[in-house]
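Please look through the notes below with the sequence and the model side by side.

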Amino acid sequence: MAVNRVPVLKRCRSLGMDPIYLGIDKKSNRQLKRANRKMSEYGLQLREKQKAKFIYGVLEKPFRNYFAKASKMNGMTGDNLMILLESRLDNVVFRMGFARTRREARQIVDHKHVLVNGKQVNIPSYLVKAGDTIEIKEKHKGSQRYKDIVEVTGGRLVPEWLDVDAENLKGSVKELPLREAIDVPVDEMLIVELYSK
């Protein structure tokens, strides 16, 4: 399986984004040693795509598949792409506050700790639908790991499209998010331009 092993803060610096979007509270004091060259239009488009892939932890081929799916849906392709990425199971687990970072959420799903509508799902890219209930398995709820996670993520704002009961590590998807409700610093129109060449 392909894994991106670039240090997170280094990657954030190169993409010019804040690590807080990944659930990481660290700050990097280093500055990029890059000449103040003007970036080409292609360079800007590529950087937006890399930013989206990095935030959601998606590799190139699945990302391309998401784009193809988004372009077949009704509405704006860019908005559809962001909604598809946001409704991935690992992202929803992260948004509900059951994981500190998206990478940890992916691991929790991989390790079969998550139930969707009472059924075990261990596919991080599983797309949730409106009305789905997501919870951590009963046997894991009492573990120290989840107590620590809830303590850390307790102050995090849960998006309004999700309904969460942090006490019982359970939540539901009220509706799929609109683009306005997704607070990631990605200009999806540049991604659309990049893929439509």
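1. The buried residues of α9 pack against α2 (41–56), α3 (60–72) and α4, where contact means heavy atoms within 4.5 Å and buried means under 20% relative accessible area, with exposed over 50% and partly exposed in between, for a 1.4 Å probe and protein chains only. The helices are DSSP runs of H or I with at least four residues, strands are runs of E with at least two, and both are numbered from the N terminus.

2. This is a predicted model, in which local features need pLDDT of at least 70 and side-chain atom pairs count only at pLDDT 80 or more, while totals for chains, interfaces and linings use all residues. Residues are numbered from 1 along each chain as its sequence is written, and side-chain values use heavy atoms, with hydrogens and water left out.

3. Which residues of α9 are buried? They are E188, L190, I191, V192, L194 and Y195; because six of the eight residues of α9 are buried, this helix is largely enclosed by the rest of the structure.

4. Helix α4 is mostly covered as well, with nine of its ten residues buried, including L81, M82, I83, L84 and L85. The cover over the buried residues of α4 includes α2, α3, α5 (89–95) and α9.

5. Helix α4 (residues 77–86) and helix α9 (residues 188–195) pack at an angle of about 110 degrees, their axes being 8 Å apart; axes are lines fitted to C-alpha atoms, for helices over the stretch in contact, and angles run from 0 to 180 degrees between N-to-C directions. The two helices α4 and α9 are therefore roughly perpendicular to each other, a label given to angles of 65 to 115 degrees.

6. Where α4 and α9 meet, T77, G78, D79, L81 and M82 come from α4, and E188, I191 and V192 come from α9. The residues of this contact of α4 with α9 divide into four nonpolar, two polar and two charged, where Ala, Val, Leu, Ile, Met, Phe, Trp, Tyr, Cys and Pro count as nonpolar, Asp, Glu, Lys and Arg as charged, and the others, Gly among them, as polar.

7. Turning to the whole, the protein chain has nine helices and five strands, and 44% of its 197 residues count as buried. Along its principal axes, the C-alpha trace of the protein chain spans about 55 × 45 × 35 Å. Residues 24 or more positions apart account for 62% of the contacts in the protein chain with a separation of 6 or more.

Technical notes
Angles under 35 degrees count as roughly parallel, over 145 as roughly antiparallel, 65 to 115 as roughly perpendicular and the rest as oblique.
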